[in-house]
Amino acid sequence: MTSDANGFDLFANDYDAWFSENQPLLESEVRLLAHLWPEPKPERVLSVGCGTGLFEAVLKRDFDIVVTDGIEPAEGMAAIARTRGMEVAIGTAEDGDFGEGLFDMLVFNGSSSYVSDLKGVFERAFHALRPGGYVMVIDVPRESSFGILYCLAAALDTWDHPLMAGVAPKSPYPMPFVRAANWHTTAERIDALEAAGFVVENTAQTLTTHPVRAGEEVEFPRDGHDSGDYVGVLARKTKRGHA
């Protein structure tokens, strides 16, 4: 991840606070993870860039989905995740210790946008998985409405600009997270997964309304990746993999 972990430490509590103010959006995104989650449920799961463990806690509470481990560069966020029952190591996607053949599933939920070398990180994920293991990558695509707005906000270095009037989300994502991101397209994520040796099994999406209206109501996920502002890709380590 190319972001400054210390900057994320300063906003660890703001991260949870933002989602607490946007409960329908949080529920919509959690439902996307649960929709894509494979059956039978993987036993040992690593969340890369787990943040405060908020999503993982909601998955456990509402869907009986358990994420056992996490890697997170910001100590402030990792400390909160540990209070939520996760084993969390400090590190980035590029330098954190994934181990070899230790996990049944790796999850990149909103964290792939803070990775510059997608293929390299996904290759590390491939080797961290047991045979038949899964990787799930869920994020805001650069080509989506939110992605375009985030890129514009980063270029302007503010949400408070005349170009944003009437089009920005009512409760915009905090600027420190927007500035630090590398927004990838869904095609770039899929290409990097396949180049790393994975076989894509499914895609799904949510947040299909205009960002101005996003978060007003809970949205249920649907398969595909043609129109969502939050898109998930589920891929598997199979015998056809070559990494």
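**View 1. Aromatic pairs: a count of 8 in this predicted model.** Rings of Phe, Tyr and Trp (the six-membered ring for Trp) make a pair when their centres lie within 6.5 Å; planes under 30 degrees apart are stacked, over 60 edge-to-face, and the rest tilted. Take Phe108 and Phe122: this pair is edge-to-face, at 5.5 Å centre to centre and 80° between the planes. It links distant parts of the chain, with Phe108 in strand E4 and Phe122 in helix H6 (residues 118-128), 14 residues apart. Helices (H or I, at least four residues) and strands (E, at least two) are DSSP runs, numbered from the N terminus.

Residues are numbered from 1 along each chain as its sequence is written, and side-chain values use heavy atoms, leaving out hydrogens and water. As the model is predicted, local features need pLDDT of at least 70 and side-chain atom pairs count only at pLDDT 80 or more, while totals for chains, interfaces and linings use all residues.

**View 2. An open sheet of 8 strands.** The order is E3-E2-E1-E4-E5-E8-E6-E7, with mixed pairing; two strands pair if DSSP finds at least two bridges between them. Strands E3 (87-90) and E7 (222-223) stand at the edges with a single partner strand each, so one side of each has no neighbour in the sheet. Further in, E1 (residues 45-48) and E4 run parallel over 3 bridges, and Leu46 has Leu106 in E4 as its bridge partner.

**View 3. Helix H9 (residues 186-195) packs on the sheet.** H9 touches strands E5 (129-139), E6 (199-206) and E8 (230-236), where contact means heavy atoms within 4.5 Å. The direction of H9 makes about 10° with that of E8; axes are lines fitted to C-alpha atoms, for helices over the stretch in contact, and angles run from 0 to 180 degrees between N-to-C directions.

**View 4. The largest cavity, with about 440 Å³ of space.** A cavity is a set of points on a 1 Å grid over the protein atoms alone where a 1.4 Å probe fits but cannot get out, and lining residues have an atom within 4 Å of a point. Of the 33 lining residues, Tyr15, Asn109, Gly110, Tyr114 and Tyr173 are the closest to the centre.

**View 5. The second largest cavity, with a volume of about 40 Å³.** Volume here is the space filled by probe spheres set on the grid points, which are joined across faces, edges and corners. Among the lining residues are Leu33, Trp37 and Asn109. H4 gives the most to this lining, with 3 residues.

Note on methods
1 Å grid on protein atoms, 1.4 Å probe; cavity = no way out; pocket = protein on both sides within 12 Å on 5 of 7 lines; lining within 4 Å.
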